[in-house]
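Let's take a friendly walk through this structure, section by section. Have the sequence and the 3D view open as you read.

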Amino acid sequence: MQRLASLKFTLASLAGLIIWLGLGVALGQSKLLTASFVEMNSQLIRDWLLGPAWSQPLAPLWFLLLCVGVGVMLLNLGACTITRLLPRLRSGNALKGWLLTLVHLVMLVVLLGHGAEMVLGHKQEGLSLLPGQETTLPNGLTLKLEELSFVGDPSALNLPYRRARWVWTTGGFQREGNQIRLKASRQGRELWRGQLRILEPATVAGLRLTLTDFFAPEGEGQPPVGVKLALVRNPLTTLFFVAYGLWALLYALLAVVTWRGGPVRQSTEKV
Amino acid sequence: MNPVLLPWLYYACLAVFAGAALWAWLAAPRAWRPAGWFLLALALAQALAASLVLGRPPLAGTYETAILLLLWLSALALLPCGDPEAQRRLAAWCWSCGAVLLALLLLPNGQRLYPDWYMYQYIWSRLFFSLRVASLALFLYAALAALASWGAVAVQRAALLRWSRNFLLVGTAVFLAGEFSGFTWRMQWLGDYWCWNANFLEATLYFLLVTAAAHLPPAWAAKPRLRATAQAIPGLLMTGLFMTHMLMEP
């Protein structure tokens, strides 16, 4: 247990994760993982791992080893909490001890919430709909795009993110005017009908409907503009956000307490 | 606001920061302080001029980030770290770093202001960009304090390393607040707070680098040079990566 809780082990697990994430950054930028990242983002990681992931095995292998790295770090975090942080609460600077312990424990909640986001609920990004078109989700919910209002030049749609920033300026993109009317029903019974704009999602039957983008369909006879939607349901999102906000706050408090505490013995220092 | 004024302010900042850095390296303690206030005023003037030209606060891109980093560094350089000679050393590092950041803008695309993307009107997007640059500045300042401890006498070294450690902590709090804002922004915009891509992985990597610097084994933390290097790496690497990405943007 002592060895598992040692700072050398902490540093080794952090170094391993840093190297592994660095590899992910490099692979992502060199396009080796780009297609897999798109798939990972469009659905729950659980569904991705049980389905399309293995057509490009590099991505799931990288991801699973990342999970192993996080698991090792969590093991160290647990051991460290039991053998170092909790005993420290009864000695020395009690407030700092509590804050240090809480920072570590809340980080655990953040990681659990983040992990749950990958396996619980439902996620579907990039669902394309044209005006008048409808689609039925696996849970039986039917979405129909009843109306679409787009103020602007559709030929400037479909630009990549970085180029779009130069075109869709405050004056060039009418966020208030660009909107859709969507109807959600189940077995013919209307559950919800309302407007969606970018940055203004709605929640229907526990599912968050988000209008993420407008696009110009390719091909003859198509309407000039369609929309992309994201449909996400996660029971632990609120917990994640509350824990994350608390985590930032605890770090700020720890900084204040450390600052007020003055010089700290270097040999026992651990922030 | 006439945009022509901005390049003039830029060249004035470049010359004055480089000169002040040289002066701080050579001058006697305390003599550098009035210069510090002048530099802060100049950096503030540049940031205000950029805000007026843009019609919004500087947020992202090489030029806007450098303007903000310069403002942060020139303000932080004036904070008393507990030892006058240590503070002079740190100010010299801050102004030298400011001059290097400004010199980087001489590269192609360096002095390009970003357009007023409609997302910049959204409060969570503004908070994300502002807090990300603020945390970068704090990590960079912590790195410079650690570097300033190299070659300093024991008392100054201890003061600078402690100062650096404190700013790593403050930077982490600001960084996490920035990530919280970014998550909220992405959730409202794209339906989910997380995205698997190089940018998100790199942000996680930044956090782990700072965490690693704060978890040195006691025997390593007792070695000042090793500790200084560990505390300097996050800020230097983050700033290097951040600026490189933006300079390479088409």
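## A buried tryptophan and its partner

B:Trp117 counts as buried because its relative accessibility is 3%; buried means under 20% relative accessible area, exposed over 50%, and partly exposed in between (1.4 Å probe, protein chains only). B:Trp185 has a relative accessibility of 6%, so B:Trp185 counts as buried too. The model you are looking at is predicted: local features need pLDDT of at least 70, side-chain atom pairs count only at pLDDT 80 or more, and totals for chains, interfaces and linings use all residues. Residues are numbered from 1 along each chain as its sequence is written, chains are lettered from A and ligands numbered from 1 in the order in which they are written, and side-chain values use heavy atoms, leaving out hydrogens and water.

Over all chains, the structure holds 44 aromatic pairs. Here, rings of Phe, Tyr and Trp (its six-membered ring) pair if their centres lie within 6.5 Å; planes under 30 degrees apart count as stacked, over 60 as edge-to-face and the rest as tilted. One of the pairs is B:Trp117 with B:Trp185, edge-to-face at 6.0 Å centre to centre with 70° between the planes. This pair links distant parts of the chain, 68 residues apart: B:Trp117 sits in the loop between helix 4 (84–104) and helix 5 (123–148) of chain B, and B:Trp185 in helix 6 (residues 154–190) of chain B. Helices (H or I, at least four residues) and strands (E, at least two) are DSSP runs, numbered from the N terminus.

B:Tyr141 and B:Phe167 have ring centres 4.7 Å apart and planes at 85°, so this pair is edge-to-face. The pair also joins distant parts of the chain, with B:Tyr141 in helix 5 of chain B and B:Phe167 in helix 6 of chain B, 26 residues apart. Both B:Tyr141 and B:Phe167 are buried.

## Chain B as a whole

Chain B contains nine helices and zero strands, and along the sequence its pattern reads α-α-α-α-α-α-α-α-α. For its 250 residues, a compact globule would have a radius of gyration near 18 Å, and chain B agrees with 18 Å. That radius is taken over C-alpha atoms, and the globule rule is 2.2 Å times the number of residues to the power 0.38. Taken along the principal axes, the C-alpha atoms of chain B fill a box of roughly 50 × 45 × 25 Å.

Of the 250 residues in chain B, 63% are buried. Among contacts in chain B with a separation of 6 or more, 80% are between residues 24 or more positions apart; contact means heavy atoms within 4.5 Å. The accessible surface of chain B is about 8,800 Å², and 75% of that belongs to carbon and sulfur atoms. Accessible areas come from the Shrake-Rupley method with a 1.4 Å probe; for residues, only the protein chains shown count as cover.

## Chain A as a whole

Now for chain A, which has seven helices and eight strands. A compact globule of 271 residues would have a radius of gyration near 18 Å, but chain A has 24 Å. Its C-alpha trace spans about 75 × 45 × 40 Å along the principal axes.

Buried residues account for 43% of the 271 residues in chain A. Residues 24 or more positions apart supply 61% of the chain A contacts with a separation of 6 or more. The accessible surface of chain A is about 13,400 Å², with 60% belonging to carbon and sulfur atoms.

A:Leu108 lies in helix 5 (residues 94–119) of chain A and counts as partly exposed because its relative accessibility is 30%.

A:Gln195 belongs to strand 5 (residues 189–197) of chain A and is partly exposed, with a relative accessible area of 46%. Leaving aside residues up to four places away in sequence, A:Gln195 touches A:Gln179, A:Ile180 and A:Arg181. Its C-alpha atom is separated by 47 Å from that of A:Leu75, 120 residues apart along the chain.

A:Gln133 is in the loop between strand 1 (122–129) and strand 2 (134–136) of chain A. This residue is partly exposed, with a relative accessible area of 34%. Not counting residues up to four places away in sequence, A:Gln133 touches A:Ser128, A:Leu143, A:Lys144 and A:Leu145. The C-alpha atoms of A:Gln133 and A:Glu147, 14 residues apart along the chain, are separated by 9.8 Å.
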